[in-house]
Amino acid sequence: MAENLILPNKIFHGLGTFSKLSDLSGSKAIIVTGQGSMKSTGYIDKAIELLKGSEFAVEVFDGVEADPSIETVMRGAELMKTFQPDWIIGLGGCSAIDAAKAMWVFYEYPETKFEDIIPPFTIKTLRNKAKFVAIPSTSGTGTEVTCVSVITDREKGTKYPLVSYELCPDVAIVDGEVCKSMPPHVTANTGLDALAHALEAYVTPLADDYTDCMAERAVENIFKALPKVYKDGNDMEFRQTMHDASCLAGMSFTNALLGIVHSMAHQVGGMFGVPHGRANAILLPNVIRFNSQESEEKYSKLAKVIGEKSSEGLAYRIERLREEVGVEGSFKDFGVDPKAWSQKVNILAKNAMADACTGCNPRKPTHKDLVNLLNLCFNGEIYK
């Protein structure tokens with residue numbers, strides 16, 4: 001059980017709360033965003049207008065790619081060093097916000113090297129130069145309220161989850177209208193990522209009454225809302241329900257942390273390009289089955305939220321939800337080459353064992369356990 005609850009200072013949530021950007025006070029703001037949707041939907045221009053109305057000078061870094069790289073982070077940090085903002089605004093999908101968080105570190109500490117901050121909780125005190133606003137356009141990672149930034153090393157083909165309480169944003173704006181442009185496959189991937197956050201946080205050694213209540217509500221609302229917004233992305237009531245559920249799951253896991261679903265998904269995504277939420281969804285049911293030896297009581301309690309009675313009932317319902325929103329049941333069906341998989345699976349398992357998330361899994365895995373789970377999930381077989 002954790003002894004403190006880490007949250008942003010302010011969380012604005014509800015349709016239309018994007019306008020709360022105008023409440024900021026300062027002199028310079030930099031917007032860090034991705035490569036398309038926030039510009040095409042007008043949200044970058046809207047953000048600039050709101051900030052200039054509050055007498056900010058504004059700069060935009062719009063070069064963040066999916067699964068942001070170390071190189072992109074360093075380019076953004078260089079722009080920040082030149083511009084000297086007192087507010088950093090991550091606007092867009094998780095990639096934009098995660099990249100902005102990492103840029104923030106190197107803006108405040110230019111002498112720092114990336115390898116210096118890979119070990120958990122090694123980032124120095126931030127907010128000496130700037131504070132941070134997160135405005136997500138996807139309902140998945142909960143990065144607007146988390147202490148995590150996931151950055152990809154392209155040369156090594158692996159993702160590094162940077163973990164520090166310093167990375168928790170100062171302000172989160174959770175406005176479902178910003179998500180309206182998400183296509184169905186992104187809605188599915190991100191929504192299932194949020195589900196994995198809630199389910200993993202619920203069974204870690206750090207889970208407590210605070211994190212559990214947020215995880216339970218997130219699971220309930222994701223099962224209710226995700227199929228609806230997958231079919232009709234213009235249903236703003238359920239868009240906001242999913243956005244809030246993602247935020248709740250994020251608050252739960254940033255305090256209770258995660259487990260081996262994420263440890264393995266980070267590696268599969270980095271090595272084979274499987275979208276993160278999709279990788280989580282393929283891995284999650286079998287990890288529940290693996291963990292049930294240690295966590296059956298808690299899984300059974302959570303299963304009741306969706307009308308099931310056991311860990312197996314919970315795993316089965318996740319498989320049905322996954323199918324309902326068009327996500328494959330195996331990495332082979334996704335399109336990963338069997339030969340490449342067999343050559344890399346031991347490396348995947350080795351890197352997953354070293355991942356920061358593995359330490360909080362309720363059942364301690366071995367390298368052999370992870371190889372087995374990865375292979376079962378590659379073929380779409382059930383862990384027994």
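Begin by selecting helix α9, which supplies five residues, the largest share, to the lining of the largest cavity. Helices here are DSSP runs (H or I, at least four residues), strands are runs of E of at least two, and both are numbered from the N terminus. The model is predicted, so to speak of local features a pLDDT of at least 70 is needed and side-chain atom pairs count only at pLDDT 80 or more, while totals for chains, interfaces and linings use all residues. Residues are numbered from 1 along each chain as its sequence is written, and side-chain values use heavy atoms, with hydrogens and water left out.

A cavity is a set of points, on a 1 Å grid over the protein atoms alone, where a 1.4 Å probe fits but cannot get out; a pocket is an open set with protein on both sides within 12 Å along at least five of seven lines; and lining residues have an atom within 4 Å of a point. The largest cavity holds about 50 Å³ of space, and its lining has 14 residues, with Leu199, Glu200, Val203, Asn291 and Tyr299 nearest the centre.

Next select Ala66, Gly93, Cys94, Ser95 and Thr138, which are the closest to the centre of the largest pocket among the 47 residues that line it. This pocket has a volume of about 980 Å³, where a volume is the space filled by probe spheres set on grid points that are joined across faces, edges and corners. Colour α5 as well, because α5 gives the most to this lining, with six residues.

**Histidine 262.** Move to helix α8, where histidine 262 is found. Is this histidine 262 buried or exposed? Histidine 262 is buried, with a relative accessible area of 2%, where buried means under 20%, exposed over 50% and partly exposed in between (1.4 Å probe, protein chains only). Show the side chain of histidine 197 too, since it makes a polar contact of 3.1 Å with the side chain of histidine 262. A polar contact is a pair of N or O atoms within 3.5 Å; within protein, one must be able to donate a hydrogen and the other to accept it, and residues adjacent in sequence count only if both atoms are side-chain atoms. Leaving aside neighbours within four places in sequence, histidine 262 is in contact (heavy atoms within 4.5 Å) with residues including Asp193, Glu200 and Asn280.

**The nonpolar core.** Now select Leu195, Met264, Phe331, Trp341 and Leu374, which touch the most other members of the largest nonpolar core, a set of 60 residues. Such a core consists of buried Ala, Val, Leu, Ile, Met, Phe, Trp, Tyr and Cys residues joined through side-chain atoms within 4.5 Å. Helix α9 gives the most to this core, with 11 residues. Centre the view on phenylalanine 331, which, not counting residues up to four places away in sequence, touches Val268, Ile282 and Trp341, among others. A second, separate core of 31 residues includes Ala99, Trp104, Ile123 and Ala134.

**Glycine 76.** Finish in helix α3 (residues 70-83), where glycine 76 lies. Glycine 76 is buried, with a relative accessible area of 1%, and touches Phe61 and Met103, not counting residues up to four places away in sequence.
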